[in-house]
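This report covers charged side-chain contacts. The structure comes first, then the pairs.

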Amino acid sequence: MTDGTDSARENVPSRQRKRFPDISSRAYEHPADRSALVALRKLSGFDTVFKTLSGLLPERSLRLLFLSDSVRVSDAQFTHLNDMLRDACYILDLEKVPPMYVTQDPKPNAMCIGLDEPIIVVTTGLVELLDEEEMRAVVGHEVGHALSGHAVYRTILLFLTTLAVKIAWIPLGNMAIMAIVTALREWFRKSELSADRAGLLVGQDLQASMRGLMKIAGGNHLHEMNVDAFLAQAEEYEAGGDLRDSVLKILNVLPRTHPFTTVRASELKKWAETRDFQRIMDGHYPKRSEDKDTSVTDSFRESANHYAESVKSSKDPLMKLVGDIAGGAGDLAGDLGGKLFGRFGGKNGSGDEKSGAEGEGRAEGSRGES
């Protein structure tokens, strides 16, 4: 009987997961999130600003609050969560295991906050909602935040945002502040997609990640839900409606710090099917020891390329219109360029159409390589 139990335990996903020594958070970060983080890490004098701000933020108060009014995860309390936390840190090679607390709140939620040291907090509503493998993905999600440094940057930026909103009465200040807030929320949303990927690397069970997101959206009624139907909602959300719906979608998402749940599920599934994900699982990924050599320019270029590709491949009516306009402008520029080079580029200035076409073809080829 003992042998049978041990054998059964060997077959569960938690006993078959791979580890990623020295993995850099760049391996799983969304391009827009990665470019912002690389820029912040390279920013001269940021450490000085960070130390100054750390004295202004109520971090000590938060730590004392959770210590006094929540349950700290340990070998003696919520031991199954403690095992998941240590396991997640081991898989992602996070040297120091962050403190983790369970706080009484029926709303399913989790967060990673803090400056000097990250703190992970999960609510009782989330613990009661998810099964072991679903919860493992969530713990991996929060450890991913810690590894990326999101806890530091999010805490500082939230503080600055709150401070800025308080002085929004200054003439023209409100518009400027809202632009900053909107940009920060866009980054926050992308950082959540990054952490979802980290959760998948830790749990290494895509179906568990999907189930967890479905439960967060629809509650503990898994027998009434279906992953394929849930993902079809994301497809309908993206492609459905007309330009009016596109504008409404933008207005709906602007005040949010998290992407919509169906969108998160869809984005995670797409990433799990990429060559990038498979390379990580095969042991080929950016290393933390190489982070200092990362190019800010290359990171921003990757982010810009991602957004351009997103617009190009999007089924949203507004994004398709933007893509068509951009494509039309590109075609128009190509036509004009071809005619101009055909007219003035040759030695005899004859304006041969063939020369213009060849020039356009060469230009198109060079654009494809860059």
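## Salt bridges overall

The structure holds 13 salt bridges. The model is predicted. Side chains of opposite charge can pair when their charged atoms come close.

Five residues form a network of salt bridges: Arg17, Asp87, Glu132, Glu133 and Arg136.

## Asp93 and Arg19

Asp93 pairs with Arg19 in a salt bridge. Their closest N and O atoms are 3.0 Å apart. This pair links distant parts of the chain, 74 residues apart. Asp93 sits in the loop between helix H5 (79-91) and strand S2 (100-103). Arg19 sits in the loop between helix H1 (2-10) and helix H2 (31-42).

Arg19 has a relative accessible area of 33%, so Arg19 is partly exposed.

## Lys96 and Glu117

A salt bridge also joins the side chains of Lys96 and Glu117, at 2.6 Å from N to O. Lys96 lies in the loop between H5 and S2, and Glu117 in the loop between strand S3 (110-113) and strand S4 (119-123), so the pair ties together parts 21 residues apart in sequence.

Are these two side chains buried or exposed? Lys96 counts as exposed, because its relative accessibility is 56% and the cut-off for exposed is over 50%. Glu117 is partly exposed, at 30% relative accessibility.

## Glu273 and Lys269

The side chains of Glu273 and Lys269 meet in a salt bridge, with an N to O distance of 2.6 Å. Glu273 has 56% relative accessibility, so Glu273 counts as exposed. Lys269 is partly exposed, with a relative accessible area of 29%.

Definitions and conventions:
Residues are numbered from 1 along each chain as its sequence is written. This is a predicted model: local features need pLDDT of at least 70, side-chain atom pairs count only at pLDDT 80 or more; totals for chains, interfaces and linings use all residues. Side-chain values use heavy atoms; hydrogens and water are left out. A salt bridge is a side-chain nitrogen of Lys or Arg within 4 Å of a carboxyl oxygen of Asp or Glu. Helices (H or I, at least four residues) and strands (E, at least two) are DSSP runs, numbered from the N terminus. Buried means under 20% relative accessible area, exposed over 50%, partly exposed in between (1.4 Å probe, protein chains only).
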